[in-house]
Structures are given as structure tokens and as C-alpha cells.
Amino acid sequence: MAYQEEQCPHGRLCIFSGGTAFNSVAPFLARLTPKVSYILPVSDDGGSTAEVLRVLGGPAIGDIRSRLLRLASPKDASTDAAVRLLHHRLLNNEAEAYIQWKLVVAGTDPLWNGVTPEFRGIVLGFLQHFDVCVKRVVVDGDAESHFRFCGGSLGNFFFSGARMFCGSLQSAVTLWKLISNMPTLTEVCKNKSLQCARLFSSTVREIFISIWCLSARLRRRV
């Protein structure tokens, strides 16, 4: 469905949701209107998200990562290949997962097939930065700080690396929007940010405007 202004005449949609369960709806909303704000929780503590939190700290990235990858709109084969790579999870055996991770950060794993050097430089750079941060913690810490890569999401590692390099999660999200051809008017943010509070108050105001306009039309018809 092509977007038409009259389908969403008074501004953006504001969606409070979890991560994976709502992902199947996101592409439909993108066809309805590009003006969507997704406000996601940062309470995800499973899988490699929990491991990133345990060793490196920061906001829980899993739900935000899954939504950002789903909203990507690859404009060429290279972008599509990079999105597929970030969807990938490492093997569930720790030794095998670590071997594959080293191939990924060396840029030699077959997962990189189809990704152009320009795009590879961006994605690989943040994965390597994540790897450096993990090694730094392990060197400075103790045995408990050892990072477990088994079952790890490359997308989680990429967005965590981008967050730590850029200094904020929102900067990492903005970067991803630029390189993934994600709709520029679509926003994804964690539910504790001030930006989300502003978006929510703006959306409430727009809802009241929509209701007022609808009631005015009904009064004219009567």
C-alpha cells in the first residue's frame, strides 16, 4: 500500500511494544506511513543481550536490535547481505562459536559474501570495536568477566559496538538508519529516554486533535 498523507493526516503513530512479537506488524505499518515512533523496553535480559549486560553493561539491546533489522529496507544486494549477516547467531557450542566469531571479526567468514568493501568497512569496524571492548574487560577483570559467545547475535554485537563507539544508543540508531535505508521519519528509541516522553506527549496531543476533527465532521453532517 502506498503511503498517502490522508491515511495518517495528523502526524506520526506512536507504538509501545515489545521486540520480537511485534516485528511482523512493523513492515505493514511502514507501508501505511513512514511516520512511526517505536518505543521499546530495555528490560530484555535473555541470550547474548544478558551476556553483553553482564560484561559490558549498557541498555538491553536485543529488542531494539530486532526492530531495527526488521525495519531495514535494503536498496541493493550488499545492504541485504549485511542485514542477513547481522541476523546471524553464532553456534551454541562455546568453542565453535568463538572460532566463528574470530573469522567474522577477521572479515574472512563466508557470512561476508556479497557485502561490498564499503559496507563491510562500516559493519566490520563496529564488530571489531566490540571485540576490543570485550578483550579489554577480560584483561582488566577476572575469570568471571570472560565473555561467552555461544549463541550470540551478531546484530547485538554490532549495535553494542556502535553504541560504545558513538557514545550513545540513539547515535547508533541514527547511523543504522543512514546505512540501512530505513525510513528517515521512523524513530526507534528505548522507553526511558526523554525523547520518548516528548514523542508520547506529542502523540497524545495529535490523538486529541484527530478526535476533535472527527467530532467536528460528525456535527456538520448532523
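**View 1. Helix α3 and the largest pocket.** In this predicted model, helix α3 (residues 62-71) gives the most to the lining of the largest pocket, with five residues. Helices are DSSP runs (H or I, at least four residues), numbered from the N terminus. The pocket has a volume of about 150 Å³. Its lining counts 10 residues, and the closest to its centre are Thr-20, Asn-23, Gly-62, Arg-65 and Ser-66. By class, the lining holds no nonpolar, five polar and five charged residues. (Ala, Val, Leu, Ile, Met, Phe, Trp, Tyr, Cys and Pro count as nonpolar, Asp, Glu, Lys and Arg as charged, and the others, Gly among them, as polar.) A pocket is an open set of points on a 1 Å grid over the protein atoms alone, where a 1.4 Å probe fits, with protein on both sides within 12 Å along at least five of seven lines; lining residues have an atom within 4 Å of a point. Volume is the space filled by probe spheres set on the points, which are joined across faces, edges and corners.

**View 2. Helix α3 against helix α7.** The two axes lie 9 Å apart, at an angle of about 100 degrees. That makes α3 roughly perpendicular to α7 (65 to 115 degrees). Gly-62, Arg-65, Leu-68 and Leu-69 of α3 meet Gly-155, Asn-156 and Phe-159 of α7. Contact means heavy atoms within 4.5 Å. The contact has three nonpolar, three polar and one charged residue. Axes are lines fitted to C-alpha atoms, for helices over the stretch in contact, and angles run from 0 to 180 degrees between N-to-C directions.

**View 3. Helix α2 against helix α7.** Helix α2 (residues 47-56) packs on helix α7 (residues 154-166) at about 30 degrees, with axes 10 Å apart. The pair is therefore roughly parallel (under 35 degrees). Ser-48, Thr-49, Val-52 and Leu-56 of α2 touch Asn-156, Phe-157, Ser-160 and Met-164 of α7. This contact has four nonpolar, four polar and no charged residues.

**View 4. Helix α7 against helix α8.** The axes of α7 and helix α8 (residues 169-180) come within 7 Å and cross at roughly 120 degrees. Phe-158, Phe-159, Ala-162, Arg-163 and Cys-166 of α7 meet Leu-169, Ser-171, Ala-172, Trp-176 and Ile-179 of α8. The contact divides into eight nonpolar, one polar and one charged residue.

**Notes.** Residues are numbered from 1 along each chain as its sequence is written, and side-chain values use heavy atoms, with hydrogens and water left out. Local features need pLDDT of at least 70, and side-chain atom pairs count only at pLDDT 80 or more, whereas totals for chains, interfaces and linings use all residues.

How values were computed:
Helix = DSSP H or I, 4+ residues; strand = E, 2+ residues; numbered from the N terminus. Parallel < 35°, antiparallel > 145°, perpendicular 65-115°, else oblique.
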